[in-house]
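I looked things up in the order in which they are written here.

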Amino acid sequence: MKAFLPFLLAGALAIQARDAGPPVPLGSPEFRPTPERPFGWRGDGTGRFPGATPVTEWSLTKNVRWSAVVGKSYSSPVVTDKLVLVTSEPDLLLCLDRAAGKELWRAKVTPADLSDAQARAAALEYKAKDTGMAAATPVTDGKSVYVVFANGIVRALDLGGKAKWTAFIDAKQNTAYGRSASPILTAGRLVVHMTNLYAFDPATGKQLWENTEARCAYGTPLGLRLGGADLVVTPAGDVFRADDGKNVNSQIGNSSNSSPVTQDGMIYFGEKDVRAIRLGAEFKDESVWNSEIAGEVFGSPLLHDGLMFTATGKGELFAFDTRKKGAAEPVIDARALFGEPGAEPVAYSSLTLAGKFLFLASNQGEVVVLEATREAKPVGKNRLKDGSGSAPVFSGKDMFLRDGDSLYCIGSP
Amino acid sequence: MRNIFLATVVALLAAPAERDAIGAAAPVLGSPDFKATPDRPCGWRGDWTGKFIGAMPPTSWSRRVHGITTAIRYQAARPAGEPAKSSRELEYFSIKDWLVTGPISVKDPAADIEQDFLGGEAAVQPSEGGKGKEWKFLRADVETQSRHDHNEGTCGQSNVDFVFAFGKLTEGPGTKVEGDFTNKVAYAHTYVFSPVEAKVQLQMPFDGTAGKFWLNGKPTLLDPKNRGKVYDVSLAAGWNRLLAKITVANGMGKHYSGRWLSAWMVAAYLTPIGPVSYETKNISWMTKVTGRSMSQPIVVGDRIFLGANISDLMCIHKNDGRVLWLRTTTPYDAMTPAERKATPAIAEKIEPLVGQLLKMNEEVVAALNAAVSPQGLPSDQAVALDRKLKEKTEHERKIHKAFVDIDRKKYPAYFENEVSSSNATPCSDGQRVYWTCGGGMKGPGAYAIQCYDLDGKRVWTLHEVLGSEEHGNHQSPLLLEGKLIFGAVKTLLALDAKTGKLVWKNEQMEKLESGTSPVAARIGTAAIIITNRKLVRASDGVEMGASNLNIWGDPTPVVENGIVYNTSRFRGWDELSSMSAVKLPSNPEKGSATVVWDPPGKDLATPARGTNYTVASPLFVDGILYGVDMTGGITAVDVGGQKGLYRRWLDGYNRYNRFLYGVAASPTLAGKHIYVVDDAGYTHLIQPGPQFKETGRNVLENIYFSSVSNNPCRQEAFYTAPYFDGKAMFLRGEEYLYRIEEKTATKS
């Protein structure tokens, strides 16, 4: 864990993605995913695994350490030092042994688990749409794992698979293609963006607050510290206090499918409207630079070494210099990564950094590997079989990648 | 349940302005004497029902390319002399009838495209069930494709789907296919008759590993990196042989939410080489519109009003097609002089641009009027006009971007909307015309709400930031008891139609959806407003209760005798979507609608494959509810007996995804027929009644060599239902407004 962010930008409050000091104990209310313990959506929310040392070449017969049939989902696995936690359609959370891929347990999360009859009926009534029931990536604090299903069920389990609590979000879906935002642990709260924005007590499942003005789409919200305040920034660019859910600013950015990311006192949005925002006194926003991307973006942006990378659903890579001011031109402008873009999306997943490489997985099972530089020189293209739409995650020498109904652990033997 | 429908016949009326206030003697909608009044406004679907009972509309018309593609015929069967009776015209440039053979195993689907599996590919002249390889007939249509993309359920192309052809298909939701489609090759063959030797262009979009075609034995490899590539080819006089060969590594594609997407298909289109002119039948005039939109034209007296492009409200003379006026709206038009003065950037940056825009509009009107004709512009003459329209569009975008620079939250651009930000249908009380534009797909969503007199004088304009749904906003305003009702996301507004002043605002609408417009009904004498999820009192905007409509998609419901009908009821990917109905409460002050009819889709909508996503609104005629969906299917349901009468796929023309789906336009009753316009502009005339009977089919071809719509399939798309006025039908596509009325043929 690095200490506080090294500088305070003039006229702006410093943003801290995480707390300083020694690591908080696993399972404590203060736990939030960090680069060292990237136990949630995009690891710690950044998609960055800088300490990883992955292989860059693999296939069904090369560098596969193990594979396990886990079922399908758009969610990504979560990897701890010993476990791999992964959701699967329509109602499963699976726990695998990280070393060998052996299934340790599986928990079925169904409406029958809800004690309240009205909640049970509402959960049963829910019909999954395109993103399915289990698109949200789980999050763990090292002691408990939290899962959210599109039918509104929120559940905490211990890492032995035993249920700790179950909550229900009773809100009509307001997105056309389903529900996919992942839960996040921030400021001692489990924050879930599902139609409305909710905070639960991770220990008990008690709903702490709800904000019905938080416009919900598909991306996962960002938790961060600004000055002394813990905030939640939604993809739509609405900003809320994590303590009480009060809205403190709106429309600072404008994303839908992807999540905002933060680094060095800035918040970045990366869809059609690409924008770098600095929050100042009283959370007032200042647009530092902006650009546009033609074409729909599904994956979230990734920050590395003064660059913001992202890719469109058609697999076109963009990169922007994060030190720009005003209207910014991309330094990489719609470079096709998966051949000539066709009519349909080929990449729902987010770019991920591991070591010095960028990884982008296609829906069809291809993963491109690029140098994480301004040139983004291609390093390789690797293929498994079926693809998944979810992003790989990394830990040490290993890459964990969904493909069809399987989860692969890729690494040098 | 039948009694529920009968019991409320008198008390509750849809479109309150139409019938009860005026009485039976008033001319009905569609009649040449119909006049919009404050008590009986016109707007969305005429009077919000889609029924032009007084119309005497045309039943036969066409617009075809003046050239070889109109003379070409094709047939799957091996010809013997002249084209057989079963041969088909090349409508919309599409070849639909084929003989197919396969599947044949290959070792390497990429390399083996060069291997001959027919023992003479170049010379093959197949016949159905003939000797040697077995060839079977396949009509490429919605009905014969396994591929049903996404929730729209569309095919994308008029594909030969080899998975459908060779697989064992189980119909219904969660469609299943059995068969081996790994490392395979298949062929499709058709015969094309050209009366003379001719050069045409061939497009063969395909899914698979590799593709090749032979025209009269001459091979060409299809480009897998450019699957929409246009090939210049020569047809011989007489019969030509067209053979396609597609290899595939995994033809099953993938399962997708219970459906699967075939990945082994090919389509074929023979298009003319430009420049192209047209011959038309029963088209009085065609007026180029300033841009793409789903806005339906309305007729008020001798004037037609419709939205176009980003924010254009066009007024066109109904007799001669002349553009009488054109108004473009930006946030500047909604600002008071004091507001303009308060922001220095307005005078500095906006006003010069607005001044230029007004000038450009004058030039555009002159150019549009010079182009009005019964045939529309030949393709070479359209280029200059399209360029001028694009310049205007770019200029308008520049104004919006300048406003974004001034304050991006207060002035989000109007142009970020699906299809167009001018999608709303205007409405009128006979004295003024009201319209809304704007939207903002997945964006903050700003709208201009406007009122003009019939001569185009701007009476009032409001700029409101209400937010937008992920696919923008396509709702049309409702004129009701002197109030203009408009909604977006969570806010429903009622404005004084005369002044534009706010009468009430309800910001607790939960979700109004992109395309479901507010509609009115009466409970006793009180008017109420029905929205996607809620019922609202028209007098003060207070929520009465839930509408319980469960609308999935974009339809606007219709109200008939106190029952509200929805043709898009999502029941999950494992079930077919269906139709549903709710009964309005008897208390006009408070109460929710109650579900009276919510049958499973299998009881109504079979056969169906995938899920029949619906954009079009329902049509209720004589106890039968008609719905059309994005697969190009029509469903008729006996609402009294609560049973499905029929479901059919209309033999229409699906092209590229997101431009030409199946049917988006709502079915419309005019005279004796239901008019269903598919997205290619192909109009099916359906006879109302318990049995499916199609009595007419009409083509409007328009192939682009330039366009204002950026439609990649180069064929004009139609998303909008026609409006009927006496003997005339007014139909708008992406490029033109058509006046169609029965008379004799003309040639350009």
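I began with a salt bridge (a side-chain nitrogen of Lys or Arg within 4 Å of a carboxyl oxygen of Asp or Glu): Glu481(B) pairs with Arg522(B), and their closest N and O atoms are 3.2 Å apart. Because Glu481(B) sits in the loop between β30 and β31 (483-488) of chain B and Arg522(B) in strand β34 of chain B, the pair ties together parts that are 41 residues apart in sequence. I then looked up exposure, where buried means under 20% relative accessible area, exposed over 50% and partly exposed in between (1.4 Å probe, protein chains only). Glu481(B) is partly exposed at 43%, whereas Arg522(B) is buried at 12%.

I note for the record that this is a predicted model, in which local features need pLDDT of at least 70 and side-chain atom pairs count only at pLDDT 80 or more, while totals for chains, interfaces and linings use all residues. Residues are numbered from 1 along each chain as its sequence is written, chains are lettered from A and ligands numbered from 1 in the order in which they are written, and side-chain values use heavy atoms, with hydrogens and water left out.

Next I looked up Lys511(B) and Glu469(B), whose side chains meet in a salt bridge at 2.6 Å, N to O. Lys511(B) is in the loop between β33 (502-506) and β34 (519-523) of chain B, and Glu469(B) in the loop between β29 (458-465) and β30 (478-480) of chain B, so this pair ties together parts 42 residues apart in sequence. Lys511(B) is buried at 5% relative accessible area, and Glu469(B) also counts as buried, at 6%.

In chain A I looked up Asp91(A), which forms a salt bridge with Lys108(A), the closest N and O atoms being 3.3 Å apart. Here Asp91(A) is buried at 12% relative accessibility, but Lys108(A) is exposed at 53%.

I then turned to the interior of chain B, where 66% of the 748 residues count as buried and the secondary structure comes to 7 helices and 52 strands.

Last I asked how many residues the contact between the chains takes from each. With contact meaning heavy atoms within 4.5 Å, the count is 34 residues from chain A and 28 residues from chain B. The two chains bury about 2500 Å² between them, 38% of it on carbon and sulfur atoms, the buried area being the accessible area (1.4 Å probe) that two parts lose on being put together, summed over both. Asp130(A), Tyr177(A) and Gln251(A) supply 23% of the area that chain A buries against chain B, more than any other three residues. Across this interface the rule finds 2 salt bridges, and I looked up Arg408(B) with Asp285(A), where the closest N and O atoms are 2.9 Å apart.

Key. Helix = DSSP H or I, 4+ residues; strand = E, 2+ residues; numbered from the N terminus.
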